[in-house]
Amino acid sequence: MDYILLPILLPGLAGLLAVLMPRAYAGARAGLALLVTFATMVAGLAIIDARTSLDFGGVALGPLDLDLVFRVDGFSSWATAFVALMGFLVCLYALGWFRSRGGAPGRFYGWLLLAVSGASGVLLMSLIHISEPTRQV
């Protein structure tokens, strides 16, 4: 696993875990979200001004062949760090806001983590090339 996937995988996997947690673990969801958004912010800062790419060529998805390329350049590295920072700040704000109102509703923190993961994925994914199999006539 390459380090440029950390801002995508960390909040994505933690978000799935938080969404699947039983309702009784609302406090654990909040703590997990705070910890993971901070770790994602650190991972986002680690790729600042990195110039690298990661190519997953030939990923088969049913009848389609996908070529996935994750690329870090000047803009995507800073924007990914900013997305992670905003996720961390939203999490901090939500902790206080929900505490004054009796606790977070359901799976808020899980969806927050998934949103951070998705935004990071959009920023770091440079190219998706989809090729369909050729049909013989």
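Me: Where is the place of S120?
Reply: S120 sits in helix 4. Helices here are DSSP runs of H or I with at least four residues, strands are E runs of at least two, and both are numbered from the N terminus. Keep in mind that this is a predicted model, where local features need pLDDT of at least 70, side-chain atom pairs count only at pLDDT 80 or more, and totals for chains, interfaces and linings use all residues. Residues are numbered from 1 along each chain as its sequence is written, and side-chain values use heavy atoms, with hydrogens and water left out.

Me: Is S120 buried or exposed?
Reply: S120 is buried, at a relative accessible area of 0%. Buried means under 20% relative accessible area, exposed means over 50%, and partly exposed is in between, with a 1.4 Å probe and protein chains only.

Me: What is S120 in contact with, leaving aside its neighbours within four places in sequence?
Reply: That would be P7, I8, T80 and V83. Contact means heavy atoms within 4.5 Å.

Me: Zooming out, how many helices and strands does the chain have?
Reply: There are four helices and three strands. Starting at the N terminus, the order is α-α-β-β-α-α-β.

Me: How much of the chain counts as buried?
Reply: 39% of its 137 residues do. The accessible surface is about 8000 Å², and carbon and sulfur atoms make up 69% of that. Those areas come from the Shrake-Rupley method with a 1.4 Å probe, and for residues only the protein chains shown count as cover.

Me: And what share of the contacts with a separation of 6 or more is between residues 24 or more positions apart?
Reply: 74% of them.

Me: Switching to helix 2. Which of its residues are buried?
Reply: The buried ones are R29, A30, L32, A33, V36, T37, T40, M41, A43 and G44. They cover an arc of only 165° around the axis, so they lie on the same side of helix 2. The arc is taken from the directions from the helix axis to the C-beta atoms.

Me: What does the face of helix 2 turned away from its buried side carry?
Reply: That face has the exposed residues G27, L35, L45 and A46. On the buried side, the cover includes helix 1 (6-20), helix 3 (74-99) and helix 4 (108-124).

Me: What span should helix 2 have, and how far apart are its end C-alpha atoms?
Reply: Its 21 residues (26-46) should span 30 Å at 1.5 Å a residue, and the end C-alpha atoms are 30 Å apart, which agrees. The expected span is 1.5 Å times one less than the number of residues.

Me: How far apart are L92 and T37?
Reply: They are 55 residues apart in sequence and 9.7 Å apart in space, C-alpha to C-alpha. L92 is in helix 3 and is partly exposed, with a relative accessible area of 38%.

Me: Now the rings. How many aromatic pairs does the structure hold?
Reply: Five. W97 and F98 make an edge-to-face pair, 5.2 Å centre to centre with 75° between the planes. F98 also pairs edge-to-face with F108, at 5.0 Å and 70°. Rings of Phe, Tyr and Trp (its six-membered ring) pair if their centres lie within 6.5 Å; planes under 30 degrees apart are stacked, over 60 edge-to-face, and the rest tilted.

Me: Which helices do F98 and F108 lie in?
Reply: F98 lies in helix 3 and F108 in helix 4, so the pair ties together parts 10 residues apart in sequence. F98 is buried at 9% relative accessibility, while F108 is partly exposed at 28%.
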